[in-house]
Amino acid sequence: MRRFPMLDGLRLLAAGLVLVSHVAFWTGASGIDVSGPLLARGDSGVAVFFAISAFLLLRPYFGRDVDLRRYVVHRAARILPAYFVALAAVWLVLFLRTGSVGGAIDVVAHLFLLQGYTGADYQAFTQTWSLTTEVTFYALVPFVGPVLARLARRDVRRTLLLLAAVALVGVLAQALATAGTATRATTWPGVLATSVIGHASWFAAGATLAVLMSGAGRTWLAGRVPAPSASMLFSTAALIYLLASLPWAGPVDLTAPTASQAIVKELLYTAFAFLALAAATRPAGDEAAERVHRSPALRLAGDLSYAVFLWHVLVLQVLYLVAGWPLFAGGFGWMLFAVVTVTGMIAYASALFIEQPVMKRWASKPTTAPDGGTVLPSRSR
């Protein structure tokens, strides 16, 4: 099955966007009039991660039978070892600060990746709510994948309409969660807003591209839509990002948005994720692009992305503790440089000593495609 080298770069870009948004929040830079919203909207990187997961994990169902046992082992090997090492570091820092690792609910929720459902979080691990959503989606893939593939083979247009309906459910769920927040409900609005249902449109974006790039999807597209270039897709994604930084997408602080703002933000993030993913999966158009696709730097970017996502908030916390700064203090530029530097070194060590050895041991055995070719395991994080 075809590999998409630019997805490795897109993964690191998504992780970098999330990192920037957190540095901007901690330093107070997200409150600056013009640049603040641009920095804060880096949380759209999560939408890109979800779209990548849906695309890569659903796409195999359009071409071959999927080994369920291998799928489960591969997902666990990719996500859990690095996660538990980072979680242990979070507990260590918390224990050194407070003499405790939190309450039983906090510990159990994080051990079983349930923090997105319980509302339990650690200050240095708040971003991992998205892993609850990811793992829930992983559990749905073996059921959704075969159904989606069968539907696409029968009628691509109806399949795309179904995915549009799924996306609409997610957008409306965001509006419902916002309404729930307005009633001062404490738990369910946040759980709904961050769940698979609440972000169904982000997953639908990746699923839509998987359908369009399947054999049936390519046949259906032929002659209907001209193939845009990667540069055009990336440029349009950048424009969507700029639009998402405007007030109609809601506040960039902890103030609750209105229902209309929540809808606009979810739609814009969905479009941004789809366009960025579509651009990253375009074939190389010339020799220069082909050299970029073969660059070892892209592979390294993919290797670092997950650990960057896992570690950057803890690095932020430790740097603030060492500096003795309160929240919303410190210079954005210097803190960004420090967080990127330290997180990058940790991410490289994580990839070299944890993630790569585990993947080689448990998930590196190739499978055979229907045409007799070799299918290597893909990464969604």
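Colleague: In this predicted model, do helices α4 and α15 count as roughly parallel or roughly antiparallel to each other?

Modeller: The axes of α4 (residues 68–98) and α15 come within 11 Å and cross at roughly 5°. Angles under 35 degrees count as roughly parallel. Therefore the two helices, α4 and α15, are classed as roughly parallel.

Colleague: Which residues of α15 make the contact with α4?

Modeller: On the α4 side, the contact involves Arg 78, Ile 79, Ala 82, Tyr 83, Val 85, Ala 86, Ala 89, Val 90, Val 93 and Arg 97. On the α15 side, the contributors are Gly 302, Tyr 306, Leu 310, Trp 311, Leu 314, Gln 317, Val 318 and Leu 321.

Colleague: Where is Thr 128 placed, and is Thr 128 buried or exposed?

Modeller: Thr 128 sits in the loop between α6 (115–118) and α7 (129–154). Buried means under 20% relative accessible area. Because its relative accessibility is 0%, Thr 128 counts as buried.

Colleague: With which side chain does the side chain of Thr 128 make a polar contact?

Modeller: A polar atom of the Thr 128 side chain lies 2.7 Å from the backbone oxygen of Phe 125. Beyond four places in sequence, Thr 128 is in contact with Tyr 83, His 110, Gln 115 and Leu 310. The side-chain partner in the polar contact, at 2.9 Å, is Gln 115.

Colleague: Is Leu 113 buried or exposed?

Modeller: Leu 113 belongs to the loop between α5 (104–111) and α6. Although Leu 113 is not a glycine, its phi is positive, about 55°. Its relative accessibility is 8%, so Leu 113 counts as buried.

Colleague: How far apart are the end C-alpha atoms of helix α1?

Modeller: Helix α1 (residues 6–27) has 22 residues, and 16 of the 22 are buried, so α1 is largely enclosed by the rest of the structure. At 1.5 Å a residue, α1 should span 32 Å.

Colleague: Which residue follows α1 with a positive phi?

Modeller: The phi of this residue is near 85°. The residue that follows α1 is Gly 28.

Colleague: What is the phi of Phe 328?

Modeller: Phe 328 is located in the loop between α15 and α16 (332–362). Phe 328 is not a glycine, yet its phi is positive, at about 75°.

Colleague: What is the separation of the C-alpha atoms of Ala 347 and Leu 310?

Modeller: Ala 347 lies in helix α16 and counts as buried, because its relative accessibility is 0%. Beyond four places in sequence, Ala 347 is in contact with Leu 304, Ala 307 and Val 308. Although Ala 347 and Leu 310 are 37 residues apart along the chain, their C-alpha atoms are separated by 8.7 Å.

Colleague: What is the relative accessible area of Tyr 348?

Modeller: Tyr 348 also lies in helix α16. Leaving out residues up to four places away in sequence, Tyr 348 touches Leu 300 and Leu 304. Tyr 348 is partly exposed, and its relative accessible area is 45%.

Definitions and conventions: Residues numbered from 1 in each chain as written. Predicted model: local features only at pLDDT ≥ 70, side-chain atom pairs only at ≥ 80, totals over all residues. Heavy atoms only, no water. Helix = DSSP H or I, 4+ residues; strand = E, 2+ residues; numbered from the N terminus. Buried < 20%, exposed > 50% of the residue type's maximum accessible area, 1.4 Å probe, protein only. Polar contact = N/O pair within 3.5 Å; in protein donor to acceptor, adjacent residues only side chain to side chain. Contact = heavy atoms within 4.5 Å. Expected span 1.5 Å × (residues − 1). Axes fitted to C-alpha atoms, helices over the stretch in contact; angles between N-to-C directions. Parallel < 35°, antiparallel > 145°, perpendicular 65-115°, else oblique.
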